[in-house]
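Dear colleague,

Please find below the structure I promised to hand over. My notes on what was found in it follow directly after.

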Amino acid sequence: QPGFGNRIFHPEVWHTPGVKSPVRVRDAVLRPDRVVLVGLVMIALQLAFRGWALAGSWFYFDDLAFMSQALRNEDVTVFGSGQQTRSFCYVSDLVDGILRLLDSSVNEPVNIGNPREMTMLEFADAIIKATKSKSKIVFKPLPQDDPKQRKPDITLARTRLGWEPKIPLREGLVRTIAYFKSIDMAKFRAP
């Protein structure tokens, strides 16, 4: 299990120590990443990878808060000042990285993610622009244990797997928005 909370080193490698918190307030937010991490690592015959903040049409609509709010023309909620950073990886890039790992002789943990880091405020703004939404950004208090920075070190993926993400954020947003606009979002909710 990766460390919790803010990291001591940036960008992060698999074994990056962090401020540990066994009881995370943010567990529900991290559910898709945890499912990918736990489920696929087990399937991958004990090989370990770390999936980072993911985006794509395979999410439940409400898991993508900025996206769902913007598509509904609701206020987009940014926590804290929005200056905390994240790195987003489109799901097809993640799958490609996992397949390369499975087809390799690498037997150590590998970060599979996008090292392009951006603030949450930049991400919210990018989604509002991409959706052509009338949404406004509203700020709420920062949740406890919210990491200030998240950026994977993908050196091992690049050097040992010949992998790096290919789908730029804008293209990933366009694909995801098109998917969600093509379905009846009222019927597409998390269980």
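**Findings**

Asp145 has its place in the loop between β8 and α5. Please note that the model is a predicted one. Asp145 has a positive phi of about 65°, although this residue is not a glycine. As a rule, most residues other than glycine have a negative phi. With a relative accessible area of 23%, Asp145 is partly exposed.

Asp146 is found in the loop between β8 (137–140) and α5 (155–161). At 9% relative accessibility, Asp146 counts as buried, because the cut-off for that class is under 20%. Its side chain makes a polar contact with the side chain of Arg86 at 3.1 Å. The side chain of Asp146 also makes a polar contact with that of Gln84, at 3.4 Å.

Another positive phi, of about 60°, belongs to Asn73, which is not a glycine. Asn73 lies in the loop between α2 (65–71) and β3 (76–79). The relative accessible area of Asn73 is 44%, so this residue is classed as partly exposed.

**Aromatic residues**

The count of aromatic pairs comes to 3. Phe88 and Phe123 form a stacked pair, with 3.8 Å from centre to centre and 15° between the planes. This pair links distant parts of the chain, its two members being 35 residues apart. Phe88 is in the loop between β4 (85–87) and β5 (89–90), whereas Phe123 is in helix α4 (residues 120–131). Both Phe88 and Phe123 are buried.

Tyr179 and Phe180 make an edge-to-face pair, because their planes stand at 70° and the cut-off for that class is over 60 degrees. The ring centres of Tyr179 and Phe180 are 5.3 Å apart. Phe180, by contrast, is buried, with a relative accessible area of 0%.

One aromatic cluster is formed by Phe66, Phe88 and Phe123.

**Surface and overall organisation**

Which residues make the nonpolar surface patch of about 260 Å²? The patch is made by Val95, Leu99 and Leu102. Leu102 lies in helix α3, which covers residues 91–102.

The chain holds 6 helices and 8 strands. Read from the N terminus, its elements follow the order α-β-β-α-β-β-β-α-β-β-α-β-α-α. The chain has 191 residues, of which 46% count as buried. The accessible surface comes to about 10300 Å², and carbon and sulfur atoms account for 58% of that area. Among contacts between residues at least 6 apart in sequence, 80% join residues at least 24 apart.

With kind regards

Notes: Residues are numbered from 1 along each chain as its sequence is written. Side-chain values use heavy atoms; hydrogens and water are left out. Patches are made of residues with over 30% relative accessible area and no salt bridge: like charges are joined within 9 Å, nonpolar side chains (Val, Leu, Ile, Met, Phe, Trp, Tyr) within 5 Å. Accessible areas come from the Shrake-Rupley method with a 1.4 Å probe; for residues, only the protein chains shown count as cover. A salt bridge is a side-chain nitrogen of Lys or Arg within 4 Å of a carboxyl oxygen of Asp or Glu. Helices (H or I, at least four residues) and strands (E, at least two) are DSSP runs, numbered from the N terminus. Buried means under 20% relative accessible area, exposed over 50%, partly exposed in between (1.4 Å probe, protein chains only). Contact means heavy atoms within 4.5 Å. A polar contact is a pair of N or O atoms within 3.5 Å; within protein, one must be able to donate a hydrogen and the other to accept it, and residues adjacent in sequence count only if both atoms are side-chain atoms. Rings of Phe, Tyr and Trp (its six-membered ring) pair if their centres lie within 6.5 Å; planes under 30 degrees apart count as stacked, over 60 as edge-to-face and the rest as tilted.
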